[in-house]
Amino acid sequence: MNLVGSRLVRMALLALAAFGLSLALFLSGLFTTFEYKVYDLMSRNLNPAKGPGDIVIVKIDQQSLDALSSENINWPWPRQMYAPLLDYLSQADGVLVDIIFTEPSSYGEEDDLLLAEALKKAGNVFLPIFLTNDNRQMGAEELAFMKKSAMPHVLSTRLIYQSAITNIENIRTAALGAGNVVMKPDADGTYRRVPLSFRFRTETIPNFVLASLLKDKKITVQGGKLSAANKPLPLLGDSLLLRFYSAPEPFTIISAADIFKSSIDSEAGRTPVIARDFFKGKKVFIGLTAAGLYDLKPTPITAVSTGVMVHATAMDNLLHRHYIRQLPSFASVVLMFLLSAAICLFVLTHHKFSTNLAFFAAAAAFVLGLSGMLFKNGIYLQVVPSATALVVAMIASVAFSYATEGKERRFVRRAFAQYMDETLVDYLLQNPDLIKPGGQRRRVSVFFADIAGFTTIAERLPAEATAKILHTALNTFSEVIIRNHGVIDKYIGDCIMAFWGAPIASENDELNACRAAVECQEALVEINRGLIADGLTEIAIRIGINSGDAIVGNLGSDRLFDFTAIGDTVNLASRLESANKYFKTRIMVSEDTFSRTGDAFISRELGLIEVKGKSQPIRIYELLVAVDRSELEVKAFAEAYGEAYRMFTGGNWQEAADLFASFLKTYPGDGPAAYYLKWCADLQANPPLTNDWNVIKMTEK
């Protein structure tokens, strides 16, 4: 098996191992509590704030208790007090009373009869049933009532009860229907779902809310399943996962005291606070909300809620098909596998920790974003399984990478980071084929820098001093080159060779090479200051840069090879470095390089040269380094030289000679000006006979 195949097998095995561990953790249920919290968080932040307004909660609150108490009617109220309440709600589409009357009224039988009469007259009231497995004896009348309250279809359910607590006979038989209000919270005590059907002995009893919707035929039974608009409800087992509105009071809430007052005002011919027809077509819940009267039912939205709020939410979800559809576990498992594979593949092919961390963050953001988007549209994709897969795969792949391939990468990094930028090292690590023996043709910008007269310096100074000068200079120049994204090819005595364009090519290769040259000359000022402080001699450097095609790669033998560049482009760059001595210049670049730097540098043209061994001349330029002059001074320098040079190239040798002579008075010792002044004199004394009179032919390398 080849190297690529072996790596793919390792990636696949690692991905499968990470997926397997993640799946085991998911199936173990260890993170169920965390999933609950994620569901709650999304419910609070992604669900709509309020319902459409067709569900009303009439609360028996402290205001209601105080209002009747002021009339000497204390809690528990006489049951006849509910009669005007039910009468005022008679136009509602359904009234669900979340209060159970299990004992005869302490005010006498007539009190119960008045409530029963009000229930019959309203004809739209549903009462609760409490299913239980307590050993409670039930009479024939109660059993008959349970049979009457049962659904006509027997549904499959795991919620089986043998007994029930119902309202007293006069009251229960007067209501339109009844349903079970018993529901259990999730393992953390929060109510997120409601069961819709229950088995009572041989009968199927509907949920309190479902009983009303079955009567309206808003919910039907089709094929043994509960359906809305001919589509099965998205139940989890027996239960509906509730989609709570995010506002603390998402439904219209009215105090019973306001309805009592409205009823009295209406009977007296006064305009009521709440009109009777306000409730027309609405589903109305009556529930206890006064402190001490209701049972606490925490929801994903709030830790303090009431049972009637949970029932109202279930009604809204079923009535408007506003429920949450949880995707099957299979979807989570598939996503876990894909994430495990993606993380392992990426980490084992990208070896920079910050890059891997960024990918991990992006993958986590994708999971959260996808889950959030789906949840906002009523689809629940569990988050924790995917998060588990991400974390497990990340830890496993990073550990594996460090223990195996990391060893090889650390070797490569140690070897190559000494002479190239970290970005280039990372590229080599991601493309290891580039460091195998062999080369590729690439466009490169080659840089040579040499210490002028170093042989003479070495002869005058002790070996230790010479070594210090060399180390100081090469170390500083190397840092400049690497900082500008260059690759240090080699050190040749007092010369340093570098190139740009491989292993990564960019549009700024020529610009970076020239910038490195300028910065090396600027850094030389500090180097010389330090050398003088140490009692050593100053140094100067010559730099040559050329761009073009070359063969780049790890060239050499199997035992010893070097990441280098070879070819005519390299040779010419070396010749340009050497050619500086003829002009007494510091940075010489070819036209191939200079033409791609735009207006980034102040420069001057030096002319056409023909190096030894080449018949085709090239145009060369000097980059002017403003170390001790202002930019305006350097521009003035370049413009004055340029005017004289244009006269020369135009064949006006006398005018050129005058301008060069004037230039040298202002800038004495300038090498190119002195060179061209002498050339002007030679041309006037011996006029040229060929068209290549302006080509400088170099006879030495």
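This is a predicted model: local features need pLDDT of at least 70, side-chain atom pairs count only at pLDDT 80 or more; totals for chains, interfaces and linings use all residues.
Residues are numbered from 1 along each chain as its sequence is written, and side-chain values use heavy atoms, with hydrogens and water left out.

Let's start with charges. The structure holds 31 salt bridges, a salt bridge being a side-chain nitrogen of Lys or Arg within 4 Å of a carboxyl oxygen of Asp or Glu. One of them joins the side chains of Asp 40 and Arg 192, at 2.8 Å from N to O. Asp 40 sits in helix H2 (residues 32-46) and Arg 192 in the loop between strand S6 (177-180) and strand S7 (193-195), so this pair links distant parts of the chain, 152 residues apart. Helices here are DSSP runs of H or I with at least four residues, strands are E runs of at least two, and both are numbered from the N terminus.

Are these two buried or exposed? Both Asp 40 and Arg 192 are buried; that means under 20% relative accessible area, with exposed over 50% and partly exposed in between, using a 1.4 Å probe and protein chains only.

Asp 40 and Arg 192 also belong to a network of salt bridges with Lys 37, Asp 186, Asp 188 and Arg 193. Within that group, the side chains of Asp 186 and Arg 193 meet at 3.0 Å, N to O. Asp 186 counts as buried because its relative accessibility is 10%, while Arg 193, at 23%, counts as partly exposed.

Further along, Arg 604 and Asp 670 form a salt bridge at 2.7 Å, N to O. Arg 604 lies in strand S25 (residues 603-610) and Asp 670 in the loop between helix H22 (653-666) and helix H23 (671-685), so the pair ties together parts 66 residues apart in sequence. Arg 604 is buried at 4% relative accessibility, and Asp 670 is buried at 10%.

Now the helices. The axes of H17 (residues 463-483) and H18 (residues 509-533) come within 10 Å and cross at roughly 150°. Axes are lines fitted to C-alpha atoms over the stretch in contact, with angles from 0 to 180 degrees between N-to-C directions. Where do they touch? Among the residues that meet are Phe 477 and Val 480 in H17, and Leu 524 and Ile 527 in H18, contact meaning heavy atoms within 4.5 Å.
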